[in-house]
Amino acid sequence: MSSTRRTPRSAACPPSCPLRTDSTRHGENHLLARIRAERDQLSRAEQKVADFVLRQPRSVLSDAVAVIARQVDVSQPTVIRFCRSLGFEGLQDFKLKLASGLTGTLPIRHSQVRHSDGLPDLSAKVLDNTTSAILRLRDSLNMAAIDAAIALLRDARRIELYGVGNSGVVAQDGQHKFFRFGVPCVAFADTHLQRLSARTLQAGDVVIAISSSGRVTDLLEAVSLAQGAGASVIAITSSASPLAKRADVTIAVDHGEDSARFVSMLSRIMHLLVIDILTVSLSLHRPDAAALDDEYSAQISHVS
C-alpha cells in the first residue's frame, strides 16, 4: 500500500522567495516553518494560499474561508484543499493549530545542562526541554498519517511492536495498552525474535516499528520480512530515515538528539506520546468501541 509520508522537494525557500518576511526570524511558529518547507509540494493555487498565510497569519485566524479566498484570488475549495494537503481536516482545524503556535505562552527552546548548574536549574532545563519537544511534536504531527495508522490498527488481526534498546521500552508500553482491545499483541525487543516472528505474520497483521534513528539494520530486516509475509508496517521514527521510507505508514517524530552518541530521552517521551495518541484514538474508533466503553475507554484519563 502507498505511504502517507510527505517528503518536501525543497527544505526552504530561496532568498528571493516572496514568503521571506519578518516571520522567518528565529522562533518562527513551527506550523509556519512547516508550510514554508512544504510549499513546493503544493499546487500553484495552494501555493498562493501558503504565501498569504505566511505573510498574514493573524489575519487568517479571524477571516472566513470566503474572505481568505477573495484576498488570495482563489476558490474556496482551494483554501480547504490547502489545509488538507497539510494533514488537517479543514480550515477550522488548521486555524486551531496555527493559533496555538501564535498565541502560546510556552517558548519552544532547548537549554543545555551544564556541570555548574544547581539542582533547581538542572531540573528546570530538563523539564523545559521536554515541554518544548512535546510542543514541537504537537505542531508537526501529520494527522493524515495518524488516521492511516488508526485505519490499519482498527482492523488488525494481530499487532506486533518492534523496538531496540530505549525503543523496546516504548514497545512494551504499547503492548500493555493494545492488549486491552482484545487483539493478540506482543512486543519484541530482541532482534532475533523480531525476525522469527515477522516470518509468521500474514495479511491483516500490523507491525509497529519504533526507532529513534530509523537506521537499525536488524530492525529494518524484520520490517522487510513482515511486509514480505503480507503484514502492514507503521513506523514511529524520524522522517528522513530508512525505516520511514520502508514503512507503509510513517508517523514522523523528528528531534535534535544524536541517538548514536547519547541515550535517547526526548525521543522516548515523544514515542510514548504517539503510542498514547494511537491507543486513545483506537479506543474510540474500533468497531466494538461501544462494548469497550466501560471495560477500557473509562480507564483512559483523556476520555470522559
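This passage describes two neighbouring strands, β3 and β4, and the elements that pair with them. The model is predicted, with local features requiring pLDDT of at least 70 and side-chain atom pairs pLDDT 80 or more, whereas totals for chains, interfaces and linings use all residues. Residues are numbered from 1 along each chain as its sequence is written, and side-chain values use heavy atoms, without hydrogens or water.

Helices (H or I, at least four residues) and strands (E, at least two) are DSSP runs numbered from the N terminus. Strands are paired if DSSP finds at least two bridges between them. Strand β3 covers residues 205-210 and pairs with β4 in the parallel sense over five bridges; within this pairing, Ala209 has Ala235 of β4 as its bridge partner. Strand β1 (residues 158-163) also pairs with β3 in the parallel sense, over six bridges, and Ile159 stands opposite Val206 of β3. Strand β5 (residues 249-252) pairs with β4 in the parallel sense over four bridges, and Ala252 in β5 is the bridge partner of Thr237.

Together with helix α11 (residues 217-228), β3 and β4 form a right-handed β-α-β unit (with the strands pointing away from the viewer, the path from the first strand over the helix to the second runs clockwise).

Six of the six residues of β4 (residues 232-237) are buried, so the strand is largely enclosed by the rest of the structure. In a regular strand, side chains alternate between the two faces of the sheet. In β4, Ser232, Ile234 and Ile236 lie on one side and Val233, Ala235 and Thr237 on the other, and all are buried. Six of the six residues of β3 are likewise buried, so β3 is also largely enclosed by the rest of the structure. Asp205, Val207 and Ala209 point one way from β3, and Val206, Ile208 and Ile210 the other way.

Terms used. Buried means under 20% relative accessible area, exposed over 50%, partly exposed in between (1.4 Å probe, protein chains only).
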